[in-house]
Amino acid sequence: MYEQLKDQNFEIIAVAEDTAGEAAAGRFYDAAKATFTTLIDTRHTVSSLYGMVNVPTGVMIDEQGRVVRQDEGTYTRTYQAGQLTFGTDEYVPAVRDWVAHGAESRFALDRKALTSRLRRPSSQEALADAHFRLASYFVDHGQTQLAENHWSAAQRLNPDSWNYSRQDWSFTPTEAGTNWLKKFQTLEGKPYYAPMDLPKGEGR
């Protein structure tokens with residue numbers, strides 16, 4: 001998609017959220033031979049500012065720097081009868097339409113519509129974010145036990161955040177898959193990603 005749209009005033013900026021930085025995330029960019037802008041966010045600042053609890057997550061930002069869609073699961077997973085299914089066919093057509101039609105695209109939310117979808121973090125979620133940032137700080141300073149204490153507190157206070165869990169699991173990679181599946185199976189009907197709520201039908 002990017003190769004087809006990059007000459008139409010369109011740019012992808014990929015931000016890897018990983019406390020371990022280049023050592024952990026850089027190899028994935030290298031393997032993908034990414035031709036778009038790639039960044040690594042060791043403090044998870046992007047997910048904190050945009051209220052993201054899962055990745056990959058998409059944000060559409062126009063030429064004036066205004067967000068027109070935010071926090072949407074662009075790579076969903078479902079788990080049924082012991083089988084994982086990956087991906088969604090909904091998001092790319094929406095991006096193409098937005099690039100072609102800009103603010104006139106039916107997928108571009110105006111300020112009022114976007115604001116109605118946003119919510120402030122609860123005090124408990126804000127405290128979880130503070131614990132998560134402390135955990136990242138202690139990892140940087142080699143204080144593993146203190147980091148683990150704060151990872152655990154962040155996950156306890158905001159269990160809906162997969163970002164918190166994933167970052168914690170990344171330090172025990174042999175157990176990460178098992179831990180992810182255990183948490184995924186506890187959703188009990190709750191969505192892994194919030195529905196994208198894209199308009200249906202033809203026309204702008």
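Helices (H or I, at least four residues) and strands (E, at least two) are DSSP runs, numbered from the N terminus. The model is predicted, and local features need pLDDT of at least 70, side-chain atom pairs count only at pLDDT 80 or more, and totals for chains, interfaces and linings use all residues. Residues are numbered from 1 along each chain as its sequence is written, and side-chain values use heavy atoms, with hydrogens and water left out.

The backbone is considered to begin with. Most residues other than glycine have a negative phi, and most peptide bonds are trans. Against this background, the peptide bond from Val55 to Pro56 is cis, with omega near -5°. Pro56 belongs to the loop that lies between α3 (45–50) and β3 (57–61).

Positive phi values occur at several non-glycine positions. For Asn9, phi is positive at about 60°; this residue sits in the loop between α1 (2–5) and β1 (13–17). In what follows, buried means under 20% relative accessible area, exposed over 50%, and partly exposed in between (1.4 Å probe, protein chains only). Asn9 counts as exposed because its relative accessibility is 60%. His44, also not a glycine, has a positive phi of about 55° and is placed in the loop between β2 (37–41) and α3. His44 has a relative accessible area of 4% and is therefore buried.

Helix α2 covers residues 22–32, and its buried residues are Ala24, Ala25, Gly26 and Tyr29. Which elements cover the buried residues of α2? The cover includes β1 and β2, where contact means heavy atoms within 4.5 Å. After α2 comes Lys33, with a positive phi near 50°.

The loop between α3 and β3 also contains Gly51, which is partly exposed because its relative accessible area is 42%. Gly51 and Gln70 are 19 residues apart in sequence, and their C-alpha atoms are 9.1 Å apart in space. Leaving aside residues up to four places away in sequence, Gly51 touches Gln70 and Asp71.

With a relative accessible area of 2%, Ser165 is buried. When residues up to four places away in sequence are not counted, Ser165 touches Gln155 and Lys183. A polar contact of 2.8 Å joins the side chains of Ser165 and Lys183. Such a contact is a pair of N or O atoms within 3.5 Å; within protein, one must be able to donate a hydrogen and the other to accept it, and residues adjacent in sequence count only if both atoms are side-chain atoms.
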